[in-house]
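Colleague: I am new to this structure. Could you show me how to read a few of its features?

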Amino acid sequence: MDIQSPLALLGGISPQQFMRRYWQKKPLLIRGAVPAMVPPIARAALLDLAAQEGVESRLIQRGAKDKIWTLRHGPFNRRALPPASRPGWTLLLQGVDLHHDGIHSLLRQFRFVPDARLDDLMISYASDQGGVGPHFDSYDVFLLQAAGRRRWSIGRQRDMRLQEGVPLKILEQFEPEESFVLEAGDMLYLPPRYAHDGVAEGGDCMTYSIGLRSPAKRHLGADLLARVAEAHAEELEHAAPLSSAHTHYRDPGQGAVDAPAAMPEALQAFAREAVALALREPDAIERALGESMTEPKANVWFDEGEPPDEPWQRLALDRRTRMLYDARHVYINGESFRAGGRDATLMRRLADRRELAAKELAGASDDALALLRDWCEAGWAHAD
Ligand code: SIN
Ligand code: CO
């Protein structure tokens with residue numbers, strides 16, 4: 001993608017300008033972001049998805065009289081959903097990009113944001129007056145109106161208190177500052193924690209939320225520590241038995257104690273050093289991060305396959321595959337591989353473009369080809 005060229009999707013500014021002026025800073029309303037928008041997935045196909053096991057779906061309704069919010073989790077067969085003519089309900093389908101090629105391609109238009117930050121594309125289907133209530137999210141979102149009309153009210157909310165006793169995150173006192181009606185093809189970008197409330201105006205309202213992911217520091221820290229610990233334990237298992245006496249704790253300076261249960265401070269310092277050593281191992285954290293960020297979602301599974309005999313005309317990553325790289329590794333679906341030289345260039349191209357052409361494949365080393373074959377067999381990539 002040329003990040004300096006104006007993009008209709010961003011209202012005629014370039015991805016570079018968008019990131020500099022709006023990203024994580026302020027909202028942007030883009031009229032006609034997708035001109036003559038035709039939803040890649042029709043209502044009937046959407047409802048079929050809602051009926052599937054392995055597709056995360058939720059139904060949110062607000063009682064006409066009692067105004068009470070209710071939340072149910074899918075899968076839902078068609079009869080389990082309210083009639084389209086009944087106002088006030090919303091069906092949310094998470095991660096539709098994992099299940100549908102057209103939606104996956106749409107999500108790829110947002111790859112001016114690093115893949116490590118892009119999460120998924122959620123579709124909401126609402127009847128007239130349907131919505132999920134005023135709330136804020138902890139990540140950025142692009143709200144693309146795919147069909148019908150929705151009124152968005154937004155505001156820089158200070159009072160972040162949430163209503164109690166409701167199954168959703170609903171702001172106690174929403175104070176909107178602006179409101180606009182989005183028609184099919186219009187898009188609204190919101191930075192994290194910007195309060196918003198979208199209400200369908202008329203039926204058959206479809207909104208696509210291009211969601212970002214931003215790991216919470218504590219969660220990420222805990223996940224990475226667990227991964228580093230596991231890798232460290234595995235290495236220990238294969239390492240030669242400890243030979244040097246100096247690798248064990250020594251305390252020639254320890255005096256006699258009259259409080260024998262007290263933990264020696266020197267042992268605490270030794271323990272701290274031992275952990276720091278594991279974390280200092282070259283690339284320990286980078287590898288854990290790459291593996292963590294490419295871990296497939298819990299509801300993702302791949303169908304194993306047999307690639308055709310080489311030479312291949314083309315190899316493409318499966319739409320569910322997550323692939324990233326850094327200076328020394330490539331990461332794919334939770335695994336890491338060290339890569340250098342020409343192979344690294346090839347793998348990085350695959351990660352960035354998500355496919356390789358015959359010419360590129362012809363230059364691959366035997367090792368790289370063997371790896372690609374493994375990935376095809378695992379269903380992570382497809383060759384033809
Ligand atoms: C919706 O599309 O109804 C909800 C999306 C959001 O508020 O993030
Ligand atoms: Co939201």
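This is a predicted model: local features need pLDDT of at least 70, side-chain atom pairs count only at pLDDT 80 or more; totals for chains, interfaces and linings use all residues.

Colleague: Which strands does β2 pair with?

Modeller: Strands (E, at least two residues) are DSSP runs, numbered from the N terminus. Two strands pair if DSSP finds at least two bridges between them. Here β2 (residues 57–62) runs antiparallel to β4 (residues 89–93), with five bridges. Gln 61 has Trp 89 as its bridge partner there. Five bridges also link β2 to β3 (residues 69–73), again antiparallel. In that pair, Ile 60 faces Leu 71.

Colleague: How many residues lie between β2 and β3 in their hairpin?

Modeller: Six. In the turn, Lys 67 has a positive phi of about 60°.

Colleague: Is Asp 318 buried or exposed?

Modeller: Buried means under 20% relative accessible area, exposed over 50%, partly exposed in between (1.4 Å probe, protein chains only). Asp 318 is at 6%, so it counts as buried. Asp 318 sits in the loop between β12 (314–317) and β13 (323–325).

Colleague: Which side chain does the Asp 318 side chain make a polar contact with?

Modeller: A polar contact is a pair of N or O atoms within 3.5 Å; within protein, one must be able to donate a hydrogen and the other to accept it, and residues adjacent in sequence count only if both atoms are side-chain atoms. The partner is the side chain of Arg 320, at 2.8 Å.

Definitions and conventions: Residues are numbered from 1 along each chain as its sequence is written. Chains are lettered from A and ligands numbered from 1 in the order in which they are written. Side-chain values use heavy atoms; hydrogens and water are left out. Helices (H or I, at least four residues) and strands (E, at least two) are DSSP runs, numbered from the N terminus.
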